[in-house]
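Work through the exercises below with the model open beside you. Try each task before reading its solution.

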Amino acid sequence: MGTSAEGENKYAGNTRARRSANDFMFGKLIGEGSFSVVYLAKDVHTSKEWAVKVCEKRQIIRERKQEYVKREREALNRLSGLPGFLNLFLLKIPASDEEKSSWLEEQKSDMWHSFAEGELILKKGFVNKRKGALYVPRKRMLLLTTGPKLIYIDPVQMVKKGEIPWNEKLRAEAKNFKMFFVHTPHRTYYLEDSQGYALKWCQAIQEMHDKVYKN
């Protein structure tokens, strides 16, 4: 309790304290543009709500918008009195076969490595998976791997339960900071990250999708 109170006091008395994505609980999507999306988010220290703009780093670099984004952030800083931050999530993907082999060797000690079927684990985490909005959720370990693949595993029986099929029309959507959907042509997968990282899952899935289908 003491640590929590100290954290709250630190931010309550200092509106200029720099924030990161970990200082916010992300809610619903309220806007989107060519290289960014805007979410309604709540500051975990003060409970104040903000509109948080999340920028896609690769797209900014591709369109040479770095200076534009920097100027926009500085303008918002002056208007809000709160130092802005950019959530430039960048999925770590090996640049060569040699690098991939090296990372695979490092991941051999990971208890989930055998489920990746010879591919690198790029992101992993526990999620609650539903067959539909009204179904009872089941706890699964979700792996995003090179390939690409989205594999879900029963962490109790330690058996692979299935995969979310990849194709060009696959799309990830964050409903709020915990719930996200993965849409495929024949099915929508309902997933919940109880730690509040739905947005990061969607960003990682989208980045891998773009690497496969837009390069």
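## Exercise 1: the sheet

An open sheet of 7 antiparallel strands runs in the order β7-β6-β5-β4-β10-β9-β8. Strands are DSSP runs of E with at least two residues, helices are runs of H or I with at least four, and both are numbered from the N terminus. Two strands pair if DSSP finds at least two bridges between them.

Task. Which are the edge strands? What does the twist average from one strand to the next?

Solution. 
- Step 1. The edges are β7 (159-164) and β8 (171-174), each of which pairs on one side only.
- Step 2. From one strand to the next, the twist averages 35 degrees. Axes are lines fitted to C-alpha atoms, for helices over the stretch in contact; angles run from 0 to 180 degrees between N-to-C directions.

The model is predicted: local features need pLDDT of at least 70, side-chain atom pairs count only at pLDDT 80 or more, and totals for chains, interfaces and linings use all residues. Residues are numbered from 1 along each chain as its sequence is written, and side-chain values use heavy atoms, without hydrogens and water.

## Exercise 2: Thr-145

Task. Where is Thr-145 placed?

Solution. 
- Step 1. Thr-145 sits in strand β5, which covers residues 138-145.
- Step 2. Thr-145 counts as buried because its relative accessibility is 0%. Buried means under 20% relative accessible area, exposed over 50%, and partly exposed in between (1.4 Å probe, protein chains only).
- Step 3. In β5, 6 of the 8 residues are buried.
- Step 4. Leaving aside residues up to four places away in sequence, Thr-145 touches Ala-116, Glu-119, Leu-120, Ile-121, Leu-122, Ile-151 and Met-208. Contact means heavy atoms within 4.5 Å.

## Exercise 3: the neighbours of β5

Task. How many bridges join β4 and β5? How many join β5 and β6? Which residue in β6 is the bridge partner of Thr-145?

Solution. 
- Step 1. β4 and β5 pair in the antiparallel sense over 8 bridges. Ile-121 stands opposite Thr-145 there.
- Step 2. β5 and β6 are also antiparallel, with 5 bridges. Lys-149 is the partner of Thr-145 in β6.
- Step 3. The β5-β6 hairpin has 3 residues between its strands, and Gly-147 in the turn has a positive phi of about 135 degrees.
- Step 4. The peptide bond from Gly-147 to Pro-148 is cis, with omega near -10 degrees.

## Exercise 4: the covering helix

Task. Which strands does helix α5 lie across?

Solution. 
- Step 1. α5 (residues 198-213) lies across β4 (121-130), β5, β6 (149-154), β8 and β9, at about 125 degrees to β4.
- Step 2. α5 has 16 residues and spans 22 Å from first to last C-alpha, close to the 22 Å expected at 1.5 Å a residue. The expected span is 1.5 Å times one less than the number of residues.
- Step 3. Buried residues of α5 include Trp-201, Ile-205 and Met-208. Met-208 is one of the residues that Thr-145 touches.

## Exercise 5: positive phi

Task. What is the phi of Glu-117, and what is that of Met-158?

Solution. 
- Step 1. Most residues other than glycine have a negative phi.
- Step 2. Glu-117 has a positive phi near 55 degrees. Glu-117 lies in the loop between α4 (97-106) and β4. Its relative accessibility is 41%, so Glu-117 counts as partly exposed.
- Step 3. Met-158 has a positive phi of about 55 degrees. Met-158 lies in the loop between β6 and β7. At 31% relative accessibility, Met-158 counts as partly exposed.
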